[in-house]
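Hi there,

Here is the structure I promised to pass on to you. Have a look at it first, and then read my notes below.

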Amino acid sequence: MNTQILSARLTLTKVALHDWELIRYIYSNPTLMEHIGATMSEEDIRRNFEKELAPWSLNSTHWLTWIIRETDSGNDVGLISICTRNREHLTAEVGFIILEGSKGKGYATEAIRRVFDFAVDTFGFNKFTAVCSEEHAASRRVLEKAGMKLDKVLPESTEIAGKMVNDCFYSLER
């Protein structure tokens, strides 16, 4: 499988061993995890990281994760991942985290669109889903700009930082 995906401004590279410090920083950063969940212990981050380093296929239960970087500068932008949610109907869930200094530049939307194209062409996915908290307006805008439609809002379905939040479920069929 190709480990690199290119878009107009971005290079997405499958997570590799040398990405450990970035991954550790992201999942232990309270600001980046504010709308996702609790920060993770280094042990939990390491365990997930090791899973994501493994080869990936439609039958994998772990996420296929790419590091997003600006092509011109090589600066880290964040990460984006997909995970098979339904093998019979070839459905993948997408998730992303953008670093503070890279927000508001359209990088997340660009990366999602490119990952959707890649996942359709490479794996045959025909449906994508995403979940985000209702209060995370920026992520909701990104998903909608990427063509996803809001399917439902589930009240108080996830606990983040000791507070129950409403989850927004999005989908896109290709």
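The side chains of aspartate 76 and arginine 69 form a salt bridge, at 2.8 Å from N to O. The term stands for a side-chain nitrogen of Lys or Arg within 4 Å of a carboxyl oxygen of Asp or Glu. Arginine 69 is buried at 19% relative accessibility, while aspartate 76 is partly exposed at 31%. Here buried means under 20% relative accessible area, exposed means over 50%, and partly exposed is in between (1.4 Å probe, protein chains only).

Please keep in mind that this is a predicted model, where local features need pLDDT of at least 70 and side-chain atom pairs count only at pLDDT 80 or more, while totals for chains, interfaces and linings use all residues. Residues are numbered from 1 along each chain as its sequence is written, and side-chain values use heavy atoms, with hydrogens and water left out.

The structure has ten salt bridges. Another one of them joins glutamate 93 to arginine 85, with the closest N and O atoms 2.7 Å apart. Glutamate 93 is buried, at 16%, and arginine 85 is partly exposed, at 44%. Shared partners also link Asp19, Arg69 and Asp76 into one salt-bridge network.

Arginine 24 and glutamate 21 pair as well, at 2.5 Å from N to O. Both are partly exposed: arginine 24 has a relative accessible area of 27%, and glutamate 21 has 46%.

As for the whole protein, 45% of its 174 residues count as buried.

Enjoy exploring!
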